[in-house]
Amino acid sequence: MTNLAPSAEHGALTAHLQALRAKACRGSRTQQRAIELANARIKTANTREGGAGIKPLAKQTVSDWLTGKTPPDDYLRLWALVQVLEEWAGAPPDSDGHGRSWWHGRRAMWQQLWKQARAGRPTDEPTARRRTGMPIADADPIEDLEVHPAIDAGHRNKDARFDNGGRLPVYVERDHDRHLARDVASALHRSRLRVLVADSSTGKTRALWHAIQRLPDPWRVWQPADRSALLAGLAREPSLAQTVVWLNDLQRYLLPNGQPEPDGQAASALRGLLKEPERGPVFVVGTLWHHHHKTLTRQPSSPADPDPHEQARALLNGRCLTVPELFADETLDALKELARHDARLAEALRNGGQRITQYLAGSRELIRRYEEASPEARAVLEAAIDARRLGAGRDLPHDFLFAFAAAYLDPGHWNVQTDAWRATWFDRALEETCPPSRGIPGPLAPPISPPGQLVSTGRVYRLADYLEQHGRLTRQRKAPPPSFWDVARSSEDPKELFALAESARTRLRLKTAFEIHERAAELGNSNSSLLLALLRIRVGDAVEARRFAAEAADANAHAATVLALLQEEKTEEAELYQVGPADGLIRRYSPTYLMFLLREVAQSRRLAGNLARQAVEAGQGYAHQQMALWKLEDGDWDAAVEHARSASAMSDPRLDGTRALDQISLLRKAMGGYKNVGLFYREVLFCCGHEGLLHLALLRRQIADGQRVQHLAEQARDSGHTNLLLRLVFLAKSNGDPGQAEWIAQQAVDAGSHRALVPLATLRTEAGDHQGAERLVRRAVDAGAAMSVQSIAELTGKREWQDALRFGLNPDGTTASPW
């Protein structure tokens, strides 16, 4: 039997509907809720007309429209749904001339799409012949695949060698392009993955676009809109043969909202695609910034530690290629001849040094516009930067951005302005940030919709990649204004709320994190319910902790285990909740991550220890190993050795039984004469990780005198090698030279390492400079390194810091009262 496939006209309507739904449906704004509101409009219209002329919408009907199975039979039914979705997507109100004009044009567009779909009726083309994506030859690299446009130097060479009629300069191959060429040749026969790693505007997407031009017809290119679209597409398509899966900014798929992907689903699905020959050959390509690559490939400090990126690390292993930020001298020589024919290349060679791609992508122009922005535009840009780095989504809604930006205005500047200025400041700021300049989009502008997709209403804005990266570096130690967090609570996306709450928590704004997690839990995020329980444990409120754990227990095994552990405390409220004993739950799943959360988030060594002991009794040897490492953090050598030996004696297949003993041995070698075991171990792991501890032990064996340490530190500073600087801080410390350790730590801080603030604050505290140490601790906390509070609280014994560790800080940075 032949399946019906949509005609081109029908497909256009379906594509527009799918794009509008993706833009409009977020958080509690679900497709089902949209149908309910549309039916309310239909009912009102029928009542007004005195009959039941318009049929209400059914869930299956709308599903058929969205999948392209059938076109809408009645325009008024379609329009009722579209109105709801357009309003959710940020359409202007129709209360003024601009709004009425916008809605009139929108209605005409949808009516035309509906007429075309009805006239075009489904064809008899078999569904199996419909393919995902578009022919590579039909793809526009700038509009479809997010290749950065080049600056406009007032002259374009129309030479045929120049892509897209001169919109992109001629391409000059470098070493990584030769690797890509081999990947393309291999992808013709078997599935391949290649991810290019570099910071923004270094030519990653342009290199991938250049590479896939070598693929012959009928190869196609498919860029899923987001993680959900990727998972749906991979599940729907039995074969993606001869398709390029284009995953620019791969973190959008593997790190949604900056948080670990639940269960590694997207990474696992991609690994499955690559392993199944019958579904290929496919060529999966992607790009990552360095800090995202580091996050996704980071190894846990020990097998007992949580490993949220296991699937992503396996996916990326051996498949990443670094793109150099600088052009080599021989490549610059090749560019000089081409620059005679292209003013853009000539300008980049004159002014960009070796950063040719960054200059062509307009990075210098973006930074100039940011640094020279008016006070109101600067406020909007800084608000957008902070919103992105602290967890907000890529597309910032108009009202959300307005509320954020208001917190960044200088009150003194505001007070001396006219009423007219105060009434129009935000519109003027956007007029300054949105317009393109020299052929590239503005620093903050509405996203550009590819041809055939819905044109943006201009009610969401996207920060330029390079400016976002620049802002992450320059503002990494700055706390947002206190009212930033008030605005963050107004988001309706539970994943976005979770990310924002965790940014608050890692900056020790614990009450703020609690309030944002509470909002996310109301919208159905069970992970936020778990965090709410843990935060109530931290402040000593077991009753509320049980309530939050119970709310999420059915959907979240960690929450159920927390509830069971709290029941075992045998307080009078315990019988209110029905849940099995903790050891029964532990036997069904591995609570490694929960052990970490109980100790680090809830700050409950008691509950973490109870859970670990029950895991040991359940035959899970990794818990002995985790307890050994905890004892190291507590400075108890003997207990650590005892647990490590117990771990190595157990036959747990998931366990590297010698790892804890190795950690103990390495720590003994690395510490030298330094006496505070727990403090040294915690800070080394935080700053350097397990591999750093290994390297530090080797350095102690190879470098004995301070002069060699100093020389190596100067070399590391001059080359920008902050990881080595961090290790040398602890080498100098273990050598008994705190003055040298402090100097090296300051070099690392000056080089941009916020982690170096932690040992630097400790060194100042140990030297008796408590005031200077406290300033550094607050800087570290604002950068997300809250563990520095634990160190200063332990070293000074001050009640203020002990309270800060338990109750956190207020949004303005002062110590919070009990809550």
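E146 is partly exposed in this predicted model, with a relative accessible area of 21% (buried means under 20% relative accessible area, exposed over 50%, partly exposed in between, with a 1.4 Å probe and protein chains only). The side chain of E146 meets that of R394 in a salt bridge, with an N to O distance of 3.2 Å (a salt bridge is a side-chain nitrogen of Lys or Arg within 4 Å of a carboxyl oxygen of Asp or Glu). The two residues belong to distant parts of the chain, 248 residues apart: R394 is in the loop between α17 (375–389) and β7 (395–397), and E146 in the loop between β1 (134–135) and α6 (175–187). Helices (H or I, at least four residues) and strands (E, at least two) are DSSP runs, numbered from the N terminus. R394 is buried, at 19% relative accessible area.

Residues are numbered from 1 along each chain as its sequence is written. Because the model is predicted, local features need pLDDT of at least 70 and side-chain atom pairs count only at pLDDT 80 or more, while totals for chains, interfaces and linings use all residues; side-chain values use heavy atoms, without hydrogens and water.

Over the whole structure, 43 salt bridges are found. R489 and E515 form one of them, at 2.6 Å from N to O. R489 lies in the loop between α22 (482–488) and α23 (494–506) and E515 in helix α24 (residues 510–522), so this pair ties together parts 26 residues apart in sequence. R489 is partly exposed at 23% relative accessibility, as is E515 at 27%. In a further salt bridge, the closest N and O atoms of D803 and R799 are 3.0 Å apart. These two residues are four apart in helix α41 (residues 799–807), which means a separation of about one helical turn. D803 is partly exposed at 22%, whereas R799 is exposed at 60%. Salt bridges with shared partners also join R378, E382, D386, R389 and R475 into one network.

Two cavities of 30 Å³ or more are present (on a 1 Å grid over the protein atoms alone, a cavity is a set of points where a 1.4 Å probe fits but cannot get out, and lining residues have an atom within 4 Å of a point). The largest cavity holds about 50 Å³ of space, a volume being the space filled by probe spheres set on the points. Helix α12 (residues 310–316) gives the largest share of its lining, three residues. The second largest cavity has a volume of about 30 Å³, and its lining includes R21, C25 and Q31.

How values were computed:
On a 1 Å grid over the protein atoms alone, a cavity is a set of points where a 1.4 Å probe fits but cannot get out, and a pocket is an open set with protein on both sides within 12 Å along at least five of seven lines; lining residues have an atom within 4 Å of a point.
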